[in-house]
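Keep the viewer open as you read.

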Amino acid sequence: MAIPSSISDPFASKFLPSSISDPFASSYQPSRISVPVKIEQTQLTTLRRSHCSTLKASMGSPGFTQQLNNNKLETLADVKDDRDDIFNDLKDRFLSFKKNVYMANPEQFENLAKVQVPKFMVIACADSRVCPSSILGFQPGEAFTIRNIANLVPTFESGPSEVNAALEFSVNTLQVENILVIGHSCCGGIRALMGMEDDGNTSFIKSWVTNAKNARVKTKAAASNLDFDGQCSHCEKVSINHSLVNLLTYPWIKEKVEKEELSIHGGYYDFVNCSFEKWTLDYRGTKLEENGRIAIKNKVFWY
Amino acid sequence: MAIQSSQLAIEQLKNLLREKEELNEVVTTKIEELIVELQGCHPHPIDPAQQIIDGFTYFKFNNFDKNPELYERLAKGQSPKFMVFACSDSRVSPSVILNFQPGEAFVVRNIANIVPAFNQLRYSGVGATIEYAITALKVKNILVIGHSRCGGISRLMSHPEDGSIPFDFIDDWVKIGLPAKTNVMKEYEGYDFKEQCNFCELESVNNSLVNLHTYPYVDREIRNKNLALLGGYYDFVNGEFKLWKYMSVVTKPITIPLKTNEGFKL
């Protein structure tokens, strides 16, 4: 049964005061660490981490309310089981967008309705904390986006999947100029990859993250001295570069990169310390057959 | 967001001109150049690194730094109430159109916001997201959002009848939506192509919702009333959003009695 309800009253948005509670916190608990960082010009290095202290959970008293204003955030707790609340919630969200963004830029949206010309294709994790529009400010029309577990790119040889369908469309039809693979801290998918055991149990998650098993092998080799958390962090970055290498297995991508019509970038968002690292694949300097490593250039780090 | 920062910049420029009146001519020339450039047919080439820097800086100062408690909590774990399937189309980011803040929605984006049926051999990518969202994150709502002018749906509707060369991967993916196409061709035969595509964009959302139900953990959570399936449709031509629920309904049974000596009774 489908029960449509159209929302077309443009200026009726009202923000509800909300209480912040955390009834379903996931069990993953990374420890708080301070991170002195050394950046080298061409090679990706492990972050040195010193385990300073473990932050005890102190999240404020449950049920304290926070009024919404334009600068502060709102998170709604789902205390009631009444589905109409959800409808109202989503309606308010859309109306807020319509009033503050859509109606404020009519010409831009009129143009966008006809055609999209994004300059970026972004591959990011489905994690609720790392939306590329929020953290990198992509506006409507700017970034064609794929989101999956652990921002992975399978190889050309692995056969049709949703990732390569999107790559085919964005590179060949939309002709984007940049592909950006964004990884992030505390990634559940990478953690599952690193903790995976060969115990005969199958799950979708295991089947999927196996696409990055080379990243796990490299991490275990390079970072065996680190604890499990440290290895996971290392693997998050290795996996990004592994995805960049996998991008080059697509002949039409490789061709465009060679002709310098397409640039491939990696990015890493650390939401514990709020920093962002970005680097670009240096195709000319990369000798994959020689040492299996990519060369990178234009590495930047903002914090 | 862009409007606020340019207003700030204009204020700064005004202040500068008040202090240093000799800059007036230079500033006039530069502003006139800028206006012409912005009005031009093609936007000036962007430096991707600069765009990302600006975006991240805005986020850090205006969002992250202003909400330390929230981000401290998010650094430890996420507990989104929503899982959202949306199209990869650059115009339909759920965070933008539904104002989802970090931590609120676990978002999967692919061509034409398709959810394939449960299949352990193929489609482990989508399967992994559903598995994770339900078993680890325990989301309460799954929302599948379709949209107007969807290129993936258009391809589904036009190929292979238009005789075009098949793509390597795209056709294989969008054909998951075939049941929606079949329904639309049957029910809306005779409508023009664009209208049929619109119907298919909506029908494909329903097809995805049906497919979602084939995942055993989805079915279990629905039975336990812990999970709701919602369909959405973002029409950016008209600036509208449609929202509906997907429900299975069990009607009351009717009783059919056995034959008696008097014959059949109703």
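This is a predicted model: local features need pLDDT of at least 70, side-chain atom pairs count only at pLDDT 80 or more; totals for chains, interfaces and linings use all residues.

Residues are numbered from 1 along each chain as its sequence is written, chains are lettered from A and ligands numbered from 1 in the order in which they are written, and side-chain values use heavy atoms, with hydrogens and water left out.

**Chain A overall**

Chain A has 10 helices and 9 strands. Those are DSSP runs numbered from the N terminus, with helices (H or I) of at least four residues and strands (E) of at least two. Of its 303 residues, 50% count as buried; buried means under 20% relative accessible area, exposed means over 50%, and partly exposed is in between, with a 1.4 Å probe and protein chains only. Take the contacts in chain A between residues at least 6 apart in sequence: 65% of them join residues at least 24 apart. Contact here means heavy atoms within 4.5 Å.

**Helix H5 of chain A and its partners**

How do H5(A) and H8(A) pack? Helix H5 (residues 188-195) and helix H8 (residues 228-247) of chain A meet at an angle of about 115 degrees, with their axes 9 Å apart. That makes H5(A) roughly perpendicular to H8(A). For reference, angles under 35 degrees count as roughly parallel, over 145 as roughly antiparallel, 65 to 115 as roughly perpendicular and the rest as oblique. Axes are lines fitted to C-alpha atoms, for helices over the stretch in contact, and angles run from 0 to 180 degrees between N-to-C directions.

Residues making the contact include A:Ile190, A:Leu193 and A:Met194 on the H5(A) side and A:Phe228, A:Cys232 and A:Cys235 on the H8(A) side. By class, this contact has 6 nonpolar, 3 polar and 3 charged residues. Ala, Val, Leu, Ile, Met, Phe, Trp, Tyr, Cys and Pro count as nonpolar, Asp, Glu, Lys and Arg as charged, and the others, Gly among them, as polar.

H5(A) also meets H7(A): their axes come within 10 Å and cross at roughly 70 degrees. That makes H5(A) roughly perpendicular to H7(A), and the crossing is right-handed. Here A:Leu193, A:Met194 and A:Gly195 of H5(A) touch A:Lys213, A:Arg216, A:Thr219 and A:Lys220 of H7(A). The class count for H5(A) with H7(A) is 2 nonpolar, 2 polar and 3 charged residues.

**Single residues worth a click**

A:Thr219 sits in helix H7 (residues 213-222) of chain A. Its neighbours, leaving out residues up to four places away in sequence, include A:Met194, A:Gln231 and A:Cys235.

A:Phe169 lies in helix H4 (residues 162-173) of chain A. It touches residues of both chains, among them A:Phe144, B:Ile111 and B:Ile170. A:Phe169 and A:Phe144 are 25 residues apart along the chain, with 9.7 Å between their C-alpha atoms.

Over in chain B, B:Asn211 is part of helix H10 (residues 193-212). Its side chain reaches the backbone oxygen of B:Val115 at 2.8 Å; the cut-off for a polar contact is a pair of N or O atoms within 3.5 Å, where within protein one must be able to donate a hydrogen and the other to accept it, and residues adjacent in sequence count only if both atoms are side-chain atoms.

Here's how accessible these and some other residues are:

| Residue | Relative accessible area | Class |
|---|---|---|
| A:Thr219 | 0% | buried |
| A:Phe169 | 17% | buried |
| A:Pro251 | 43% | partly exposed |
| B:Asn211 | 11% | buried |
| B:Ala112 | 1% | buried |

Most residues other than glycine have a negative phi, and most peptide bonds are trans. B:Ala112 has a positive phi, near 65 degrees, and B:Tyr123 has one near 55 degrees. B:Ala112 is in the loop between strand E2 (105-110) and helix H6 (124-137) of chain B; B:Tyr123 is also placed between E2 and H6. The peptide bond from B:His159 to B:Pro160 is cis, with omega near 0 degrees.

Conventions
A crossing is left-handed if the near helix is turned anticlockwise from the far one by less than a right angle, and right-handed if clockwise.
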